[in-house]
Amino acid sequence: METAERFRAAVEKRDLSALEDLFTEDIRLYSPVKFRPFEGRPMVLGLFGVLLRVFEDLRYVGHFEGATETSADGTQAPAAVLPFRATVDGKQIHGIDMLHFDGAGRIREFTVMVRPQSAVHTLGQAVLTGLQADGLA
């Protein structure tokens, strides 16, 4: 999907402004460090501002496409999975970004999964600190 490639390029270049047009207004981001999703374009863009600062050496290492059921309403939607590697506070993280697209090809739902457990904890602490610093938490 073209949107997945544009998303990947924006993240790898740390270009927050390029992400705005890729997200629907009501995007939902499911994080491994928070039970409830981050909701709405302003909040998700704020989160990405933090993530782009927190992740060191972020690089995507693959790209898979298909369809999957969304969390919001259970409908099938086109999707892309982007495996990544990164470092946060010295911890190596392996993860995936799963993007669900709307009919116009914009990202309407976003799920992040990371491993190992110690990296999830480290990521959670770093993100919380960044959200607090930016007045988002």
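A: Here is a walk through the core, its rings and a neighbouring arginine. This is a predicted model, where local features need pLDDT of at least 70, side-chain atom pairs count only at pLDDT 80 or more, and totals for chains, interfaces and linings use all residues. Residues are numbered from 1 along each chain as its sequence is written, and side-chain values use heavy atoms, with hydrogens and water left out.

A nonpolar core is a set of buried Ala, Val, Leu, Ile, Met, Phe, Trp, Tyr and Cys residues joined through side-chain atoms within 4.5 Å; buried means under 20% relative accessible area, with a 1.4 Å probe and protein chains only. The largest one here has 39 residues, and Phe7 and Phe48 touch the most other members. Elements giving two or more residues to this core include α1 (2-13), β1 (23-30) and α3 (41-54). The largest share, eight residues, comes from α3. Helices are DSSP runs of H or I with at least four residues, strands are E runs of at least two, and both are numbered from the N terminus.

Let's stay with Phe48. Setting aside neighbours within four places in sequence, Phe48 contacts (heavy atoms within 4.5 Å) Phe7, Val11, Leu16, Leu19, Phe23, Leu29 and Phe110. Phe48 also belongs to a cluster linked by ring pairs (Phe, Tyr or Trp six-membered ring centres within 6.5 Å), along with Phe7, Phe23, Phe55, Tyr60, Phe84 and Phe110.

Helix α3 also holds Arg41, which counts as buried because its relative accessibility is 15%. Beyond residues up to four places away in sequence, Arg41 touches Glu20, Phe23, Thr24, Glu25, Ile27 and Arg106.

How values were computed. Buried < 20%, exposed > 50% of the residue type's maximum accessible area, 1.4 Å probe, protein only. Phe/Tyr/Trp six-rings, centres within 6.5 Å; stacked < 30°, edge-to-face > 60°.
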